[in-house]
Amino acid sequence: MNEVIFITAAVLGFAGSLHCVGMCGPIALSVPLSAGGKASRTAGILLYFLGKTITYAALGMLFGLAGQQLVLAGFQQTLSLILGATMLLFAVITIFRPAVFHSNALTIYISNKLSPVMGAFIGKPGFSSTFLLGMVNGLLPCGLVYVALSAAVATGSVIKAGAFMMVFGVATIPLMLSLVLFTSQLSAQYRSKVRKWLPVFTAAVAVLLILRGLDLGIPYVSPHLNGLAENSRAAEAASCH
C-alpha cells in the first residue's frame, strides 16, 4: 500500500507541476541566483526547491498528526470518504470559478503577509536567501498543495504524510527547474490555461480517496481499512515502549 501512496504523490507532483509553472513560475523566475557559472546557478535553484519541499514536508507532518489521531480512533474510512467528497466538490467549484481558492479573503490575507518577507529574500542574492525564499514560498496558498495535503492526511500517519508531501515536492522540481534555467518569461494567457488542469488533478485524487474509503477489498486501490488501522495502532503502541 505504501508504494501506491508514494506513486500517487509522485504522479500528482509531476503532473501538477504544469499548474506550478503557471502559478509559481513568475516567482521562481525571480529567484536571486548566483552570478557564477551554470553549476552555481543550478545549485542555487535546487536549494530554492529544497526549501520549498521541506516546508511541504513539515505541513504534511502537521496535517498528518490530525489524520493519525482519527485513524487511531477508528475513523479512517470516514476520513477518506469525507476528504474524497470534499476534494470532488473542490474540483467542481474550480471548473466554474477557477480563481475561487486563490482570490478569497483568507488566501489574499496570507499572501499579503508573506509578500514582504519574500520580497526581502528576492532582493538578497546568495544561497541562504534562495533557500529561505523557497521555504516561505511553500507557505503560499495554492490549490494544488491543498489537494496534496488532503491526500497526505488520508495516509493516517505523521511520517507517511510528511513523506508524501516530500515526494510531491520533489516531483514538481524537473519541470520547474527547466522553466527557471531555460525560460525568461511566462505569459498570463498560459498561466490561465494551465489553471484549468487543477480540477482534473483534484478529481483524480478524490476518486482514489473515495474508493479507498469504500473498503471494497481491492488490493492497492481499495484495501480493507480495518487491517490498516490495526497496524497503525500497533505501531503507535510500539513507539510508546
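The legends below describe close-up views of a predicted model. Residues are numbered from 1 along each chain as its sequence is written, and side-chain values use heavy atoms, with hydrogens and water left out. Local features need pLDDT of at least 70 and side-chain atom pairs count only at pLDDT 80 or more, while totals for chains, interfaces and linings use all residues.

**Figure 1. Overview of the helices and the surface.** The protein has eleven helices and zero strands; helices (H or I, at least four residues) and strands (E, at least two) are DSSP runs, numbered from the N terminus. Of the 241 residues, 41% are buried, where buried means under 20% relative accessible area, exposed over 50%, and partly exposed in between (1.4 Å probe, protein chains only). The protein exposes about 11,700 Å², and carbon and sulfur atoms supply 70% of this area. Accessible areas come from the Shrake-Rupley method with a 1.4 Å probe; for residues, only the protein chains shown count as cover. Among contacts (heavy atoms within 4.5 Å) between residues at least 6 apart in sequence, 79% join residues at least 24 apart.

**Figure 2. The largest nonpolar core.** A nonpolar core is a set of buried Ala, Val, Leu, Ile, Met, Phe, Trp, Tyr and Cys residues joined through side-chain atoms within 4.5 Å. The largest one has 27 residues, of which Leu12, Val145, Phe164, Met165, Phe168 and Val205 touch the most other members. Two or more residues each come from helices H1 (2-28), H2 (38-72), H3 (76-96), H6 (143-153), H7 (158-171) and H10 (198-213). H6 gives the largest share, eight residues. A second, separate core has twelve residues, among them Tyr48, Phe121, Leu133 and Val136.

**Figure 3. Surroundings of Leu12.** Leucine 12 is placed in helix H1 and counts as buried, at 4% relative accessibility. Leaving out residues up to four places away in sequence, leucine 12 touches Leu144, Val147, Ala148, Phe168, Phe201 and Val205. Between leucine 12 and alanine 171 the separation is 159 residues in sequence, but 8.0 Å in space, C-alpha to C-alpha.

**Figure 4. Phe164 and Ile7.** When residues up to four places away in sequence are not counted, phenylalanine 164 touches Ile5, Phe6, Ala9, Ala148, Ala151, Ala152 and Thr155. Isoleucine 7 is also shown; this residue is found in helix H1 and counts as exposed, at 52% relative accessibility.

**Figure 5. Helix H3 and its buried face.** The 21 residues of H3 should span 30 Å at 1.5 Å a residue, and the end C-alpha atoms are 31 Å apart, which agrees; the expected span is 1.5 Å times one less than the number of residues. Buried residues of H3 are Gln76, Leu79, Ser80, Leu83, Gly84, Met87, Phe90, Ala91 and Thr94. Viewed along the axis of H3, these buried residues fall within an arc of 125°, so they line one face of the helix; the arc is that of the directions from the helix axis to the C-beta atoms. An α-helix has 3.6 residues a turn, so residues three or four places apart point the same way. Leu89 and Phe96 are exposed on the other side of H3.

**Figure 6. Ser150 in helix H6.** Serine 150 lies in helix H6 and, at 17% relative accessibility, counts as buried. Apart from residues up to four places away in sequence, serine 150 touches Leu83, Met87 and Leu209.

**Figure 7. Aromatic pairs.** Rings of Phe, Tyr and Trp (its six-membered ring) pair if their centres lie within 6.5 Å; planes under 30 degrees apart count as stacked, over 60 as edge-to-face and the rest as tilted. By this rule there are two aromatic pairs. The rings of tyrosine 48 and phenylalanine 49 have centres 5.1 Å apart and planes at 70°, so this pair is edge-to-face. Tyrosine 48 is buried at 0% relative accessibility, and phenylalanine 49 is buried at 1%. For tyrosine 56 and phenylalanine 168, the ring centres are 5.6 Å apart and the planes are at 55°, so the pair is tilted. This pair links distant parts of the chain, with tyrosine 56 in helix H2 and phenylalanine 168 in helix H7, 112 residues apart. Tyrosine 56 counts as buried at 4% relative accessibility, and phenylalanine 168 is buried with a relative accessible area of 1%.
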